[in-house]
Amino acid sequence: MTGEADKAPPNDYRLIVPNDWFRIPLEPDQWKRSVRALIDNALRGQDDAVVIKRKLTKELNARAEDAYRNGGVELYISTTSIGPVPLSASLLVTVIPPDEDLGLTVTGKQRAQEIDEVLLPFAGPAIRRRTRVIPADDDSHGNRLPVTTVDYAVMIPMTTASLLLTFSTSLDPFAEAMVDLFEAIANSLSWT
């Protein structure tokens with residue numbers, strides 16, 4: 001089947017993420033409920049975790065609000081653990097309007113960066129940027145671990161807008177394995 005329908009921009013996108021990644025939709029009326037559900041699930045059975053629960057809720061709500069203001073549509077957070085060690089990873093999906101800078105710049109105390117072009121099997125060409133940043137001593141989030149981030153910027157067909165997939169992990173010893181997982185998720189991106 002060919003014709004005008006083939007020339008229309010996609011209505012949406014689809015991604016396959018691991019089952020234990022929690023999805024937080026970034027519409028203002030939805031993220032607070034999702035954040036509450038995530039934290040309740042993560043701290044289930046820990047009645048003495050009121051302060052931690054409050055702090056996590058505040059941080060995740062602020063992160064969701066920030067992401068929404070910058071065009072974010074979905075945030076996924078890994079809830080996977082190996083024994084008592086959580087596998088820290090996240091994915092932020094952002095729509096970048098036409099003619100807006102993709103924000104593929106790097107800041108931080110020490111950084112390493114690789115940028116290349118890749119072909120996502122179901123979504124088309126993309127620019128991939130991988131960075132590793134060692135947080136500054138005065139990091140406002142208190143993070144002291146190196147953070148590996150992988151961005152995939154993909155043009156939305158038949159538009160001048162882009163979809164930006166931003167994966168992040170602070171599991172420096174497992175960064176290569178996490179980057180492989182991020183690539184598998186990015187390769188699942190398709191237009192609907």
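In which hand does H1 pass H2?

1. The crossing of H1 with H2 is right-handed, a term used when the near helix is turned clockwise from the far one by less than a right angle, left-handed being anticlockwise. The model is predicted, so that local features need pLDDT of at least 70 and side-chain atom pairs count only at pLDDT 80 or more, while totals for chains, interfaces and linings use all residues. Residues are numbered from 1 along each chain as its sequence is written, and side-chain values use heavy atoms, without hydrogens and water.

2. Helix H1 spans residues 28–42 and helix H2 residues 50–69; their axes come within 10 Å and cross at roughly 145°. Axes are lines fitted to C-alpha atoms, for helices over the stretch in contact, with angles from 0 to 180 degrees between N-to-C directions. Helices (H or I, at least four residues) and strands (E, at least two) are DSSP runs, numbered from the N terminus.

3. On the H1 side, the contact (heavy atoms within 4.5 Å) includes Trp31, Val35, Leu38 and Ile39, and on the H2 side Leu56, Leu60, Ala64 and Tyr68. Its residues divide into 9 nonpolar, 2 polar and 4 charged; Ala, Val, Leu, Ile, Met, Phe, Trp, Tyr, Cys and Pro count as nonpolar, Asp, Glu, Lys and Arg as charged, and the others, Gly among them, as polar.

4. The largest nonpolar core has 27 residues, and Leu91, Leu120, Leu165, Phe167 and Leu189 have the most contacts inside it. Such a core is a set of buried Ala, Val, Leu, Ile, Met, Phe, Trp, Tyr and Cys residues joined through side-chain atoms within 4.5 Å; buried means under 20% relative accessible area, exposed over 50% and partly exposed in between (1.4 Å probe, protein chains only). Helix H3 gives the most to this core, with 5 residues. A second, separate core of 13 residues includes Ile24, Leu43, Leu60 and Ala64.

5. The whole structure holds 3 aromatic pairs; rings of Phe, Tyr and Trp (its six-membered ring) pair if their centres lie within 6.5 Å, and planes under 30 degrees apart count as stacked, over 60 as edge-to-face and the rest as tilted. Trp31 and Tyr68 are tilted because their planes stand at 50°, with ring centres 5.9 Å apart. Trp31 is buried at 5% relative accessibility, whereas Tyr68 is partly exposed at 39%.

6. Phe167 and Phe182 are stacked, since their planes lie at 20°, with ring centres 4.9 Å apart. Phe167 belongs to strand E10 and Phe182 to helix H3. Tyr152, Phe167 and Phe182 form one aromatic cluster.
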